[in-house]
Amino acid sequence: MAQCPTWPAEFAEMYRRNGCWSGETFGDLLRDRAVKYSEKIAIVSGERELTYRQLDNRADRLAAGLMELGIKPMDRIILQVPNQLEFMEIIFALFRIGALPVFALPLHRKSEIAYLCELAEAAAYIIPDTYAGYDYRELAREVREDAPNLQHIIVIGECEEFIPYLKLFREPVNLPQVHAEDAAFFQLSGGSTGLPKLIPRTHNDYIYSLHESVSICRLDTESVYLAALPAAHNFTLSSPGVLGTIYAGGKVVLAPDPSPDTAFALIHKEKVTITAIVPPLALIWLDAAISRKASLTSLQVLQIGGAKLNAEVARRIQPELGCRLQQVFGMAEGLVNYTRLDDPDELVIYTQGRPMSPYDELRVVDEDDCEVETGVVGHLLTRGPYTIRGYYRAEEQNAKSFTSDGYYRTGDLVKLTSEGYLIVEGRVKDQVNRGGEKISSEEIENHLLAHGSVHDAALVAIPDPYLGERSCAFVIPREQSLTKNDITEFLRSRGLSGNKIPDRIEFVDDFPKTAVGKVSKKTLRESLIARLQTED
Ligand code: OOB
């Protein structure tokens, strides 16, 4: 697809020659596993389960129905489906057509979905009827008004005005030719400038990342992976995640939510061997395990990533949960680092792992892009066989986010240990990492600035014992009558997802400035932290 920047020919040639890119597509992959593991259970979701053969067949029949509806190769489809069986059927059906899922998250609301529909010029939007007490059909009605390209809204479950998912199944038909070097889907970037960007991942690059992840995490046909976090997130999708488990011929268990009540019961019932969570959940799981450790006996590996894991918490995982900890430092743009299962405890507790592929190229550089010495903190740049060379339709942004020789500027500050492991020390991207959920400061500031009584706004991250970070909006009001409640209500009315509503709002008369006259978020943050400490 022309709007997806890709690897220069010499790199593509190298990745093929070195065996990274196999030429296999996701459609081929599932076909192959359906032959090999036919009657073995592939997916469990609530009371329902699918064998490999059934998943393969249902993906074919759904692909036929979607094609009959008019879905074509390269069409973009916004997928906002929580952890339920249909998620797996849909992605494989779309992969087989060569149509591209755009992985929205269940917590996204009108602001995010309408934007994605527009940016992707989406042909269809797929939702559940309700999930976690929220009616997605309401959301679809709102989105439809502003999305002229959106031709189809498909609903899993009860629906009258939209297309019912169950009516889509048809006898299998001949499928279009899908190419492994083409985009298979879009992930969303965490976003540090305005709104999230679309990350095109190809069959070749993603299947390679599964291959490496499966080998490092030692997944095989006996593995049982619990998707506790949303399956649409890159961590849960591929590190090794639900797709890695299918790659390995294991069993995927889809949890509707990651609470200990739900997750521990599933771990016990399905004899889960590996799962992945974010640091705030690790604390909740540790608390719950005090009385319920017995339910976790099958669990061999607990992966923690998405945000920095505190070493004190890391140290408690093995003794208190009885399983091996694996730290995962990854990004939807590509690069994933893992601590290895046989690494010494010191590395597992204090580092965020090392790259999964020998072909990952990493540079840690200073402000002038000059490499720093081992052990010195710098900006992490990376390129490799599964790291994108650019975002979809984002020429201007790509010039900033990628170096001229194709390295992705991760925005993370890291140091390299002498063993080649990474320690994440902070970041330069203007973002709040709220327990693994990334919030772009600029996106929220733009919403705040749309309020007539807001003169200026700055969103900063402040430390939080549970979430790692939470958000604080500093606002310079135009009118003294403006209240915090007005602001929160206003943001909600703009259709912002709940996790993006600032956790704290502070009114100020002015912003401190840096030497060059920019708003000094560092000073804002530090003065608030100092004030909070004296208040305690
Ligand atoms: C994962 O992916 P994204 O795209 O939601 O977020 C990527 C960013 C990284 O650039 C870094 O800032 C932060 O999230 N991050 C971590 C981390 N893992 C991610 N920061 C510190 N320690 C960690 N372990 O979050 C993601 C994708 C694939 C696998 C795992 C996580």
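Modeller: The protein is divided into domain 1 (21–43 + 50–202) and domain 2 (431–535), with bounds from an automatic or database domain assignment. This is a predicted model, in which local features need pLDDT of at least 70, side-chain atom pairs count only at pLDDT 80 or more, and totals for chains, interfaces and linings use all residues. Residues are numbered from 1 along each chain as its sequence is written, and side-chain values use heavy atoms, with hydrogens and water left out.

Colleague: How many residues does each domain give to the contact?

Modeller: Domain 1 supplies 13 residues and domain 2 supplies 15 residues, where contact means heavy atoms within 4.5 Å. The C-alpha centres of the two domains lie 34 Å apart.

Colleague: How are two packed helices described?

Modeller: One gives the angle between their axes and the distance between the axes. Here, helix α2 (residues 26–37) packs against α4 at an angle of about 120°, with the axes 8 Å apart. Therefore α2 is oblique to α4, since angles under 35 degrees count as roughly parallel, over 145 as roughly antiparallel, 65 to 115 as roughly perpendicular and the rest as oblique. Axes are lines fitted to C-alpha atoms, for helices over the stretch in contact, and angles run from 0 to 180 degrees between N-to-C directions. Helices (H or I, at least four residues) are DSSP runs, numbered from the N terminus.

Colleague: Which residues make this contact?

Modeller: From α2 come F26, G27, L30 and R31, and from α4 come F92, F95 and R96.

Notes: Helix = DSSP H or I, 4+ residues; strand = E, 2+ residues; numbered from the N terminus.
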